[in-house]
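Hello,

Here is the structure you are taking over. Notes on what turned up in it follow below.

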Amino acid sequence: MPTAPLPQFTSSVKLKYVKLGYQYLVNNFVTLLLLPVMAAVSLELVHRGPGEMVKLWESLHVDLIHVLCYLFAVVFASTVYFMSRPRPVYLVDYACFKPPATCRVPFSTFMEHARLIYPNEKSVRFQMRILERSGLGEETCLPPANHYLPPKPTMEASRAEAQLVIFSAIDDLVQKTGLKPKDIDILIVNCSLFSPTPSLSAMIINKYKLRSNIRSFNLSGMGCSAGLISIDLARDLLQAHPSSKALVISTEIITPNFYPGNERAMLLPNCLFRMGAAAILLSNRRRDARRAKYRLVHVLRTHKGAEDRAYRCVYEEEDSEGYSGINLSKDLMSIAGDALKSNITTLGPLVLPMSEQLLFFLTLVGRKLINPKWKPYIPDFKQAFEHFCIHAGGRAVIDELQKNLDLSAQHVEASRMTLHRFGNTSSSSLWYELNYIESKGRMRRGDRVWQIAFGSGFKCNSAVWKCMRTVKTPVDGPWSDCIHRYPVHIPEVVKL
């Protein structure tokens, strides 16, 4: 990834995003106000005792018609409330694809192939420098087609990779949950750079013989943050369709995206991206609450596509030699910082304790009205979350978010170790990170998880989950054979 640092969040905060976050609080103000009043009235009635209650009733001189009217009003109001409130969305379980050992690409293999594929020695040295500082380990995997010399990015090979990673993740999820094809009401697949016809969602429907009336969606071109966009879409659909289950598939198919040219900005994805996929089962059925792992609390999406610089910072194009690839701009980290700042400024009022919100708000007002040179107060998000899943897009991204959010090494451990063991698996990386936390036995009932991802466009998306039960350490999954070795020390530079 480009090494330019993220802008310091202490430099500026946009008031419009603060306003948007506080709107959510205002929308729930009546509920928050009525609850203590109702509690106080109930306590007073209990304190008076049944004798005084009878005397009070007799003194009111209320006839049967009035009583029935009052009862009808209460029942009607209660019905409207329960019918209009959002349905809870539960994450029943999820599964991540575990690449076979035959797909492993140690540094020596990667560099040997680079020397044989690229006649330009400068391109080889550039990829070596990126790999040395990438934070990737020796066990990351590339699809079989990329092991050929030269690689074979054919349609057939791309479909084969898609079938391998997607079907494997779904099969693991079915085994975990006992999910039956007829139980799936909604299917959402996100894969940015491979969009065949028929779609990947149609491929899944054909493989598992899903119902003819299933609501299926296939998202493409939305980058590494598309996984949370899929979660947001599933949430909206589950609000509209009661008693439903949604299957979400997040992946990126690597085979068709190998770049054989010499443009440095387009060589970066070759060094960082690796194969991976995740299958997530969501439900709005209340009976699933008992077995669900998490409940979805918030999803927040920030899109900077209106700005030309942000729109083009991750851009698929052809180089001067006609080779197609993804061009990563030098401004990427700066743009990501602006998007993150907007996203967390909106998220803050939703998740931070009132003490943090008050300090933040007073400082902001002071800077606007008294002294613009006051240093803004950056809220402590560690008071809002126990676990952080930062998209493992690259070492520089994790470093800068750790510094700007003042996170400890353990808070970003899941992100660093996921990058080391699996590389950048795009939109599915958040689920490998969550599985790392579970595999370490750290997830307890009531814990709050913040997933945050960046994507082309440019987008920054957040999802907040609350753990429904203490999660047992999984005996299978992508980390099952290596979790005992982690965390590992990752040097700043690995000399090749």
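Helices (H or I, at least four residues) and strands (E, at least two) are DSSP runs, numbered from the N terminus. This is a predicted model, in which local features need pLDDT of at least 70 and side-chain atom pairs count only at pLDDT 80 or more, while totals for chains, interfaces and linings use all residues. Residues are numbered from 1 along each chain as its sequence is written, and side-chain values use heavy atoms, with hydrogens and water left out.

Arg-274 sits in the loop between helix H9 (264–272) and strand S5 (276–283). Arg-274 is buried (under 20% relative accessible area, with exposed over 50% and partly exposed in between; 1.4 Å probe, protein chains only). It has no salt bridge (a side-chain nitrogen of Lys or Arg within 4 Å of a carboxyl oxygen of Asp or Glu). The nearest side chain of opposite charge, Glu-138, is 9.1 Å away; Lys and Arg count as positive, Asp and Glu as negative, and His and the chain ends are not counted.

Cysteines: the number of disulfides (pairs of cysteine sulfur atoms within 2.5 Å) is 0. The closest cysteine sulfur to that of Cys-141 is in Cys-103, 5.8 Å away, which is too far for a bond. Cys-141 is buried, at a relative accessible area of 5%, and Cys-271 is buried at 0%.

In helix H7 (residues 200–208), the buried residues are Leu-200, Ser-201, Met-203, Ile-204 and Tyr-208. Down the axis of H7 they fall within an arc of 155°, so they line one face of the helix (the arc is that of the directions from the helix axis to the C-beta atoms). After H7 comes Lys-209, with a positive phi near 55°.

Regards
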